[in-house]
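Please find below a short note on the structure under review.

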Amino acid sequence: MNPTTRLASALAAVAALTALAACGSASDGAHEDTATTRAAKPAVTAKAAPPAGLPGMPPPLDPKDVYAADRPNQLAPQVRNFPSRVYVPNTNSDTVSVIDPKTYKVVETIPVGDQPQHVVPSWDLKTLWVNNDRGNTLTPIDPATGKAGKPVDVHDPYNLYFTPNGKYAIVMASLDRQLVFRDAHTMKTAKSVPVSCYGVNHADFSPDGRYFIVSCEFSGELLKVDTERMKVVGQQKLPFHGAMPQDVKIAPDGSRFYIADMAADGMWVLDGDKFTEPKLLHTGKGCHGLYVGRDSREMYISNRGEGTVSVYDFTRNRLTRKWHLPQGGSPDMGGVSADGKVLWLSGRYNSEVYALDTRDGRQLARIPVGSGPHGLALYPQPGRYSLGHTGIFR
């Protein structure tokens, strides 16, 4: 047989075997080829890939630590030349006190709208938004110059957050009982989401950005909100009569959320994925603000009702220390310095601001400001983008 004939015969044989295999695969499953069945098993038993993050969200630097971008002095290029300042919204004075953290002195007082509640870094880190709640405006401050711009009309902006992809700002419209998704730059409304709880105020996002947990202060409830669908997908009443949930922060590994509760005198520990009933960890009277240290090992908890700060160790899953402010005080909202060495907190009912050493809680300064200081923002801080409030960075 010549080579051409042999090749033709071989190809015909292969075609015949292929046809038989095709016929066999179309028959009853009991007659499937054993080797084919074995080869298919890994695809069936393989572990499912983790769900993708929110579209457009920057990928995490470390899947085991959502705060990996917040290391000491790890400032984004666009903020490196900003002067370090502490911006203090004085709710009763309708002003923002600006403190130089090097001298502990107020260097400027900026008039803003009615009842400023929080100073919030924008997602792109370029603007600070003052939430004038009763004034129904947001006042932009340029952190490069410290100068205020023209106010933007936004109804009931008690607090402000940003979706992890930077697409929307989320206004916590506490009195309006709404979560209002707005364009992150123009602040034009994209969707208003009515809620059945009272007093929406604080939030934080899951590691993949797909959902966020919201605290409802006046009805003692928690919401779980689908970020992309802009829809409430879960709601629960906290198991404490008269609960008043406040600040919300996620653990570095993303395994649980912590929710400060001013009435329960502690923080709730919640499995956000399952959204089952959380457990309460007592910290101190008037538990209010939650701030993660620059090494992702500890969290500082302000207990407004007793003038203390509790320190929680993530790795040991317990409270390790409690710092008492000299002469008492009302530590509220704030943040950690860029180098991680100083914790800054507003004194809500004492018209002052506290600077504490994060190594031992020693009071470094006690600075007089306007009346009703609330959502203090220290800026700039490390991180690639802001999720809002007084500075939640990823």
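1. Basis of the note. This is a predicted model, in which local features need pLDDT of at least 70 and side-chain atom pairs count only at pLDDT 80 or more, while totals for chains, interfaces and linings use all residues. Residues are numbered from 1 along each chain as its sequence is written, and side-chain values use heavy atoms, with hydrogens and water left out.

2. Disulfide. The structure holds 1 disulfide, a term used for a pair of cysteine sulfur atoms within 2.5 Å. The bond joins Cys197 to Cys216, with the sulfur atoms 2.1 Å apart. Cys197 lies in the loop between β12 (189–194) and β13 (200–205) and Cys216 in strand β14 (residues 211–216), so the pair ties together parts that are 19 residues apart in sequence. Strands are DSSP runs (E, at least two residues), numbered from the N terminus. The torsion about the S-S bond of Cys197 and Cys216 is about -50°, and the disulfide is therefore left-handed.

3. Burial of cysteines. Cys197 counts as buried because its relative accessibility is 0%, and Cys216 is likewise buried at 0%. Cys287 is also buried, with a relative accessible area of 0%. Buried means under 20% relative accessible area, exposed over 50%, and partly exposed in between (1.4 Å probe, protein chains only).

4. Aromatic rings. The whole structure contains 12 aromatic pairs, counted where the ring centres of Phe, Tyr or Trp (its six-membered ring) lie within 6.5 Å. Tyr168, Phe181, Phe205 and Phe212 are linked by ring pairs into a cluster.

5. Charges over rings. Arg177 sits over the face of Tyr198, 3.8 Å from the ring centre, and Lys224 over the face of Tyr211, at 4.3 Å. The criterion is NZ of Lys or CZ of Arg within 6 Å of the ring centre and within 35 degrees of the ring normal.

6. Second largest pocket. The volume of this pocket is about 300 Å³, a volume being the space filled by probe spheres set on the grid points, which are joined across faces, edges and corners. Of its 15 lining residues, Ser84, Pro101, Ser337, Ala338 and Asp339 are the closest to the centre. A pocket is an open set of points on a 1 Å grid where a 1.4 Å probe fits, with protein on both sides within 12 Å along at least five of seven lines; lining residues have an atom within 4 Å of a point.

7. Gln363. This residue is in strand β28 (residues 363–368). Gln363 is partly exposed, at 23% relative accessible area. Gln363 and Pro326 are 37 residues apart in sequence, and their C-alpha atoms are 7.5 Å apart in space.

Technical notes:
Helix = DSSP H or I, 4+ residues; strand = E, 2+ residues; numbered from the N terminus. Phe/Tyr/Trp six-rings, centres within 6.5 Å; stacked < 30°, edge-to-face > 60°.
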